[in-house]
Amino acid sequence: MKAGSFQWHPARSADEAVALLAEYAPQDGRVIAGGQSLVPSMALRLAFPSHLIDINGVEEFARVRVEGGELVIGACVRHAAFHAPVEPGPLGRLLTQVVHNIAHYPIRQRGTFCGSLANADPASEWCLVAATLGARMVARSVRGERVIEASEWFQGIMTTALEEDELLAEVRLPLLPAGSRAGFYEFSRRAGDYALAMALVSWRDEGGTMREVRIGTGSVEVQPRRIAAAEALLEGRTATAESIGEAAAAVSAAVDPLEDFHTSAGYRRDLIGTAVRRAFAQAGG
Ligand SMILES: Cc1cc2nc3c(=O)[nH]c(=O)nc-3n(C[C@H](O)[C@H](O)[C@H](O)COP(=O)(O)OP(=O)(O)OC[C@H]3O[C@@H](n4cnc5c(N)ncnc54)[C@H](O)[C@@H]3O)c2cc1C
């Protein structure tokens with residue numbers, strides 16, 4: 001199939017992009033970044049935007065930088081930017097590990113980190129990273145700028161706190177302090193497929209004791225989230241097969257899994273427990 005007709009509006013600056021969005025969003029206008037989710041939806045006639053605001057020509061959106069203890073990722077930073085560490089600490093290494101699970105190489109050359117956050121697919125790896133590590137999303141419109149915490153950002157399947165005239169200008173990820181451990185694991189049927197379950201874990205190692213434990217799940221429920229009950233079980237303990245097994249069981253008990261034609265809720269519940277154990281193993285726990 002082919003996409004329906006639309007008008008294309010290339011923006012050359014962030015101000016121009018938000019002005020175009022203010023004008024065209026009420027007329028079914030949408031932002032286009034990498035197009036790796038939007039264009040297939042248009043081709044399948046699942047989406048019919050009348051206007052596309054193209055942000056690929058906005059130079060400032062292509063930048064990734066470290067500022068004030070955060071990694072700041074602009075709206076057009078591609079997935080492929082993370083193939084090598086973008087910063088020398090544990091966060092840079094974690095993102096490099098995660099990115100290779102996203103789609104296929106050509107898609108990673110076009111698709112963007114912020115586009116994934118705006119799209120909010122429950123199976124998005126970057127959404128899991130943002131939810132688990134506590135990212136802050138910077139939304140910009142002609143009305144000004146506001147910062148949205150990860151805990152407020154995700155509002156269900158492919159639904160976020162972004163208003164229709166707002167552009168996700170950048171995502172701010174807190175750097176992981178030195179001495180942090182972090183691990184990621186996902187299960188999908190074939191390489192490049194969307195995951196059936198995935199887990200991301202991190203903690204600060206204090207002489208063998210786990211501090212500031214974070215355990216996040218993705219692809220299991222309508223949106224990624226941290227599982228506080230499981231995190232509390234590990235706080236102040238050492239990482240052993242027994243303690244991690246308890247946390248994994250707590251995650252399985254806490255989730256309300258999605259079901260589909262291929263995957264029952266019970267299967268996903270078991271799978272996420274395994275994903276949590278493997279994410280800890282991957283982190284060296
Ligand atoms: C075959 C295939 C396999 C894939 N597998 C995976 C996978 O395993 N994991 C995964 O996470 N993704 C996967 N994807 C999706 C891919 O990662 C996309 O790149 C990503 O979901 C969206 O980023 P994008 O830049 O392409 O956004 P686009 O397709 O351009 O836009 C997606 C949506 O977000 C909105 N949008 C984009 N950027 C902004 C912004 N800055 N502000 C406001 N709104 C914005 C658009 O209006 C649109 O509604 C796959 C895609 C394909 C085609």
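A: In β8, Arg172 is the bridge partner of Arg136. This is a predicted model, in which local features need pLDDT of at least 70 and side-chain atom pairs count only at pLDDT 80 or more, while totals for chains, interfaces and linings use all residues. Residues are numbered from 1 along each chain as its sequence is written.

Strand β6 (residues 136-141) and β8 run antiparallel and are joined by 5 bridges. Strands here are DSSP runs of E with at least two residues, helices are runs of H or I with at least four, and both are numbered from the N terminus. Two strands pair if DSSP finds at least two bridges between them.

The open sheet has 5 strands, ordered β4-β5-β8-β6-β7, with antiparallel pairing. β4 (64-67) and β7 (144-149) each have a single partner strand and stand at the edges, so one side of each is left without a neighbour in the sheet. From one strand to the next, the twist averages 25 degrees; axes are lines fitted to C-alpha atoms, and angles run from 0 to 180 degrees between N-to-C directions.

Now the ligand. It is surrounded by 27 residues, the closest being Gly34, Gln36, Ala103, Gly111 and Gly115; a residue counts as near if its C-beta atom, placed from the backbone, lies within 6 Å. β8 (167-174) is among the elements that give two or more residues to this shell, as are β2 (29-32), α2 (38-43) and α5 (113-119). α5 gives the most, with 5 residues.
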